[in-house]
Amino acid sequence: MPQPTTPLDQALTLIKGYRSFTTALSNWSKPLGLSADGCLIVLLLSSEESPSHSELAASLGLNLATATKILDRLVNDNFVHRKAHATDRRRIQIHLTSDGVNLANEIRSEFANFMDQFR
């Protein structure tokens, strides 16, 4: 494939790659019963220690309202729970439940297989 020569060609190549990746990620996550962002949030929660809503949103490039909606679904499905920070009661931290830890392990394995196709 020829290298993009102009800034517009480069931008279009990046956009096509991004759209292809996000479509594949969305299709990958469907059998797991979560959105792609839901799966990524579970993975982030399994690798980071008690992030806040805003930290999760920023990590995924989501607005706070979208991240909160996804977290609400994960709470309703008993995969995560919210807890007030020990020293700053205004700050809410997000934790995986035991079901969430099990789901994270499943997602991690499946995600590694998914990412192998992009290497």
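1. Gln-93 is buried, with a relative accessible area of 14%, where buried means under 20% relative accessible area, computed with a 1.4 Å probe and protein chains only. Gln-93 lies in strand 2, residues 92-96, and strands here are DSSP runs of E with at least two residues, while helices are runs of H or I with at least four, both numbered from the N terminus. Beyond its neighbours within four places in sequence, Gln-93 is in contact with Ser-50, Pro-51, His-81, Arg-82, Lys-83, Ala-84 and His-85, contact being heavy atoms within 4.5 Å.

2. This is a predicted model, in which local features need pLDDT of at least 70 and side-chain atom pairs count only at pLDDT 80 or more, whereas totals for chains, interfaces and linings use all residues. Residues are numbered from 1 along each chain as its sequence is written, and side-chain values use heavy atoms, with hydrogens and water left out.

3. The protein has five helices and two strands, which run α-α-α-α-β-β-α from the N terminus on. Of its 119 residues, 31% count as buried.

4. The axes of helix 3 (residues 53-60) and helix 4 (residues 64-76) come within 9 Å and cross at roughly 110 degrees, the axes being lines fitted to C-alpha atoms over the stretch in contact and the angles running from 0 to 180 degrees between N-to-C directions. Helix 3 and helix 4 are therefore roughly perpendicular to each other, a label that covers 65 to 115 degrees. Their contact is made by His-53, Ser-54, Leu-56 and Ala-57 of helix 3 together with Leu-64, Ala-67, Thr-68 and Leu-71 of helix 4.

How values were computed: Parallel < 35°, antiparallel > 145°, perpendicular 65-115°, else oblique. Buried < 20%, exposed > 50% of the residue type's maximum accessible area, 1.4 Å probe, protein only.
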